[in-house]
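Hello,

Here is the structure we talked about passing on. Please open it alongside this note.

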Amino acid sequence: MVKTFAVIGDPIEHSLSPSIHNAAFKALNLDCTYIAYRIPRGELGEGIESLRQIKISGFNVTIPHKIEMMQYLDEASPECKTIGATNTVSNENGRFVGYNTDMDGFLEPIKKRNIGISGESVLVLGSGGAARAIVAGFAKEKARKITIANRTENKARELSKFASSLGAESDHTTLNNVDTSKYKFIINATSVGLKNEPSPISTNSINSNHVVYDIIYMPMSTDFITQSKKNSATIIYGYEMLLGQAVLAFQIWHKTQAPYEAMKKVLLGGF
Ligand code: NAP
């Protein structure tokens, strides 16, 4: 029987996940299909019930449901519980088990480059769901200090408290007040850049000592990335995180190594 997988969210029509996973099924000759399923805000309960009815094998969860989905799980992984959000659900004998592959998917391109995190200082721009998974990742990898900068300072404060609760030294500020010279890693986890807006912070002091990581993947190169690249920073692209979390979700569902190159090829072809 064909196994069905999905990504749920709203909006969902531009999601790249169906292309990535379907390319993986093709590469490994798996009898599976992956679809995009729009579930509007406020209709998650009904949507999940219909996924149970069709015996969905697994699904990814994206904006706006990553947090709310936690209450529809039968079981949650430790990462899910720490972050308070799920992006990957596996149907294990009728039980919906939640995982969070955003955190390790984010870390993967850093590790692949052999860039050490332990003892380093980190500046995270943004305080939404993605920033939370990123902060948990840096805390897990024993970053020395995590500074959160956000447009809405209250949310930065909350996320900074979360970082402290995970054992990291942390403080917070606003986007206008950041001093980039104090950090090795500078991460854009705001949505500024999605519509080709200018960088959310000044890039004047960014240099070759910085690792600049923008988790926005569409467009592939935001203004923040373009300016930082001109200043010779090490660059990590958002599509690498997207790929990282997809590979980990694939491995949870199929219990086998994901065909990374096939998934990357279709993703880059989509830009
Ligand atoms: P979210 O929960 O909605 O958070 C959005 C963040 O962006 C908030 O901190 C918000 O600040 C800030 N922001 C929005 N508009 C802004 C503006 N005009 N000026 C300054 N700050 C602004 O979203 P999310 O789930 O964390 O996702 C954030 C981004 O990451 C999205 O672009 C998403 O596509 C991307 N993402 C990428 C991956 C990947 O795999 N590469 C995975 C997840 C998310 P306020 O608190 O002030 O509103």
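This is a predicted model: local features need pLDDT of at least 70, side-chain atom pairs count only at pLDDT 80 or more; totals for chains, interfaces and linings use all residues.

Residues are numbered from 1 along each chain as its sequence is written, and side-chain values use heavy atoms, with hydrogens and water left out.

**The largest pocket**

The largest pocket has a volume of about 1,700 Å³. (A pocket is an open set of points on a 1 Å grid over the protein atoms alone, where a 1.4 Å probe fits, with protein on both sides within 12 Å along at least five of seven lines. Grid points are joined across faces, edges and corners, and the volume is the space filled by probe spheres set on the points.)

Its lining counts 50 residues, each with an atom within 4 Å of a point. Nearest the centre of the largest pocket are Thr62, Ile63, Lys66, Ala130 and Ser191. The lining divides into 24 nonpolar, 18 polar and eight charged residues. Here Asp, Glu, Lys and Arg count as charged, and Gly as polar.

Four elements each supply at least two lining residues: β3 (58-61), α5 (129-140), α6 (153-165) and α8 (238-254). Of these, α5 gives the most, with five residues. (Helices are DSSP runs of H or I, at least four residues; strands are runs of E, at least two.) Domain 1 (3-100 + 240-269) and domain 2 (103-236) each give at least three residues to this lining. The domain bounds come from an automatic or database assignment.

**The ligand**

The ligand is surrounded by 23 residues, each with a heavy atom within 4 Å of it. The closest are Ser127, Ala130, Asn150, Thr152 and Ile215.

The protein covers 77% of the 920 Å² of accessible area that the ligand has on its own (Shrake-Rupley method, 1.4 Å probe).

**Asn154**

Asn154 sits in helix α6. Its side chain makes a polar contact of 2.6 Å with that of Arg157 (a pair of N or O atoms within 3.5 Å, one able to donate a hydrogen and the other to accept it).

**Backbone points**

Most residues other than glycine have a negative phi, and most peptide bonds are trans. Ile63 and Pro64 are joined by a cis peptide bond, with omega about 5°. Pro64 is in the loop between β3 and β4 (75-76). Asn29 is not a glycine, yet has a positive phi of about 55°.

Best wishes
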